[in-house]
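Biologist: I have a chain open here and would like to go through it with you. Can you take my questions one at a time?

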Amino acid sequence: MTDTRVIVLVGSLRADSLNRRIAETLREQAPDGVSLEIVDGLAELPFYNEDLDGENVPDAARVLREKVAAADRVLAVTPEYNGTMPAVLNNAIDWLSRPFGTGAIKGKPFGVVGATPTPYGGKWAHADTARSAGIAGAIVVEDVTVSQSALEVDVLTDPETVARLIGAVQALADFEPARAAA
């Protein structure tokens with residue numbers, strides 16, 4: 001049996017961000033039969049501009065599209081910036097949505113998790129990310145969303161929190177797109 005390949009888009013560019021560390025923890029503790037690859041280079045993506053999206057697509061966009069197209073699933077791990085998703089994540093989804101109707105994210109099961117130092121745990125950013133990915137053509141797996149407050153718990157060491165995050169990865173891996181379409 002081959003692994004379910006999950007591409008991970010991290011919404012924070014900071015090298016030591018909590019959400020990057022969550023993504024790394026999930027990669028290290030991935031369930032059996034699941035492999036996670038964190039996409040680096042989102043900072044190199046130019047803002048989406050149809051003038052750039054022709055025969056000579058920027059390398060960062062081409063690589064992102066190739067990685068997502070080759071994956072079985074997509075997971076966004078993101079904080080919340082000013083009540084919504086970070087621009088870098090929105091921009092990545094914009095690149096993945098084109099050409100519209102056939103972009104690399106089309107038909108990919110998609111989930112979103114993350115943590116913020118707020119009482120809401122990033123739920124607005126996660127809802128915006130899911131909505132944007134769904135409009136872009138992904139199949140948003142609702143059971144995967146985990147919005148965790150980092151105010152009163154160490155997200156990386158609390159066994160219950162880590163179990164919820166790993167459970168979300170397992171749910172994404174187990175999701176059967178054919179059932180969603182039925």
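Modeller: What follows is a short talk through the rings, the core, the cavity and some backbone details.

Biologist: Before that, what kind of model is this, and what are the ground rules?

Modeller: This is a predicted model, where local features need pLDDT of at least 70, side-chain atom pairs count only at pLDDT 80 or more, and totals for chains, interfaces and linings use all residues. Residues are numbered from 1 along each chain as its sequence is written, and side-chain values use heavy atoms, with hydrogens and water left out.

Biologist: How many aromatic pairs does a search of the whole structure find?

Modeller: Two. Rings of Phe, Tyr and Trp (its six-membered ring) pair if their centres lie within 6.5 Å; planes under 30 degrees apart are stacked, over 60 edge-to-face, and the rest tilted. Tyr48 and Trp95 are edge-to-face, at 4.7 Å centre to centre with 70° between the planes.

Biologist: Where do Tyr48 and Trp95 lie?

Modeller: Tyr48 is in the loop between strand S2 (34-38) and helix H2 (59-70), and Trp95 is in helix H3 (residues 87-97), so the pair ties together parts 47 residues apart in sequence. Helices (H or I, at least four residues) and strands (E, at least two) are DSSP runs, numbered from the N terminus.

Biologist: Is Trp95 buried or exposed?

Modeller: Buried, with a relative accessible area of 0%. The cut-offs are under 20% for buried, over 50% for exposed, and partly exposed in between (1.4 Å probe, protein chains only).

Biologist: And what about the rings of Tyr120 and Trp124?

Modeller: Their centres are 4.8 Å apart and their planes at 40°, so that pair is tilted. Tyr120 is partly exposed at 42%, and Trp124 is partly exposed at 41%.

Biologist: Which residue lies over the face of Tyr48?

Modeller: Arg98, at 4.4 Å from the ring centre. The rule asks for NZ of Lys or CZ of Arg within 6 Å of the ring centre and within 35 degrees of the ring normal. Arg98 is also joined to Pro99 by a cis peptide bond, with omega about -5°. Pro99 is in the loop between H3 and S4.

Biologist: Changing topic, which residues have the most contacts inside the largest nonpolar core?

Modeller: Leu9, Leu42, Leu64 and Phe110, in a core of 27 residues. Such a core is a set of buried Ala, Val, Leu, Ile, Met, Phe, Trp, Tyr and Cys residues joined through side-chain atoms within 4.5 Å. The largest share of this core, six residues, comes from H3.

Biologist: How much space lies in the largest cavity?

Modeller: About 30 Å³. A cavity is a set of points on a 1 Å grid over the protein atoms alone where a 1.4 Å probe fits but cannot get out, and lining residues have an atom within 4 Å of a point. The volume is the space filled by probe spheres set on the points, which are joined across faces, edges and corners.

Biologist: What lines the largest cavity?

Modeller: Ile22, Thr25, Leu26, Val155, Leu156, Val162 and Leu165. Helix H1 (18-28) and helix H5 (159-174) are the elements that give two or more residues to that lining.

Methods: On a 1 Å grid over the protein atoms alone, a cavity is a set of points where a 1.4 Å probe fits but cannot get out, and a pocket is an open set with protein on both sides within 12 Å along at least five of seven lines; lining residues have an atom within 4 Å of a point.
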